[in-house]
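Here's a quick briefing on the fold you're about to look at.

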Amino acid sequence: MKAGRLLVTLAMAAVLGAWAKPMHSKTPIHVKIDIEPGSSAKIIVVSGSMSKNEMSDQMVPVAILSTKSFDATTVNVSTAALGNDGMNAMASSFGYGFPRATIRDVNGDGIRDMVLQFPVAALMKDGALVHPTTRLCLTAKTSNGQSIRGCGSVRVPGQ
C-alpha cells in the first residue's frame, strides 16, 4: 500500500471511529423513579432507637422506570447513588456492598423496570436520610456511559 493511501485510510478510520463512539452530553438525562414503589405515602421511618442490625437490614427500594425511550435495565448498578437533592450517598461507600437490584414491571406498563435496594444505615451515616428529608435523588450511569438522574418525594418523620 502506498504512503498516500495509508494516510487516507488511517484518517478515514479515525473519523469513522469517532462517529461510531456513543456521544453523551455531560448533563444527565432525566429518568422517572418511584421511591417505595407501591406506597402512596412514601414514608421512610428512621429511628435513633434502632439497633445496628435493624438499620443494616432496612432498605429503601427505588424503582427506575423504563419508558419507550429509556431502558432502565441498562443501568450499571455499581454506579448508582441515592441521596438528598444536591448530595449523594453511595450505599457501596460504607462497606454495605452495591445496592441490590431486581428487574420487574413496577408500574404495570408492560415494560421491565429496575428496582434498587439502598441500605438505610448507609444513607443515614452519610447524612442523606434525616428528618426533614423531603426529596431523594438517584444518579447512575447506563452500561454505555450515559449519566442519568431522577428525584422523588419522601417523608422522613421526626424522632
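Helices (H or I, at least four residues) and strands (E, at least two) here are DSSP runs, numbered from the N terminus. On that basis the chain reads α-β-β-α-β-β-β-β-α-β-β along its sequence, with three helices and eight strands in total. Keep in mind that this is a predicted model: local features need pLDDT of at least 70, side-chain atom pairs count only at pLDDT 80 or more, and totals for chains, interfaces and linings use all residues. Residues are numbered from 1 along each chain as its sequence is written, and side-chain values use heavy atoms, with hydrogens and water left out.

**Whole chain**

- Of the 159 residues, 36% count as buried (buried is under 20% relative accessible area, exposed over 50%, partly exposed in between, with a 1.4 Å probe and protein chains only).
- Take the contacts between residues at least 6 apart in sequence: 66% of them join residues at least 24 apart (contact means heavy atoms within 4.5 Å).

**The four-stranded sheet**

- Four strands make an open, antiparallel sheet in the order S2-S3-S6-S5 (two strands pair if DSSP finds at least two bridges between them).
- The edges are S2 and S5 (100–104), each of which pairs on one side only.
- From one strand to the next, the twist averages 25° (axes are lines fitted to C-alpha atoms, for helices over the stretch in contact, and angles run from 0 to 180 degrees between N-to-C directions).
- S2 (residues 33–35) is joined to S3 by three bridges, and Ile35 has Val62 as its bridge partner in S3.
- S3 and S6 (residues 113–119) share six bridges, while S5 and S6 share five.
- Gln117 in S6 stands opposite Pro61, and Arg100 also stands opposite Gln117.

- How many residues of S3 (residues 59–64) are buried? Six of its six are, with Met59, Pro61 and Ala63 on one side and Val60, Val62 and Ile64 on the other.
- The largest nonpolar core has 26 residues, and Ile44, Val60, Leu129 and Leu138 touch the most other members (such a core is a set of buried Ala, Val, Leu, Ile, Met, Phe, Trp, Tyr and Cys residues joined through side-chain atoms within 4.5 Å).
- Elements giving two or more residues to this core are S2, S3, S4 (75–84), S6, helix H3 (120–125) and S7; S4 gives the largest share, four residues.
- Beyond its neighbours within four places in sequence, Val60 is in contact with residues including Ile35, Ile44, Leu82, Leu116, Leu123 and Leu129.

**The disulfide**

- There's one disulfide in the structure (a pair of cysteine sulfur atoms within 2.5 Å).
- Cys137 and Cys151 form this disulfide, with their sulfur atoms 2.0 Å apart.
- Cys137 sits in S7 (residues 135–142) and Cys151 in S8 (residues 147–153), so the pair ties together parts that are 14 residues apart in sequence.
- The torsion about the S-S bond is about 105°, so the disulfide is right-handed.
- Both Cys137 and Cys151 are buried.
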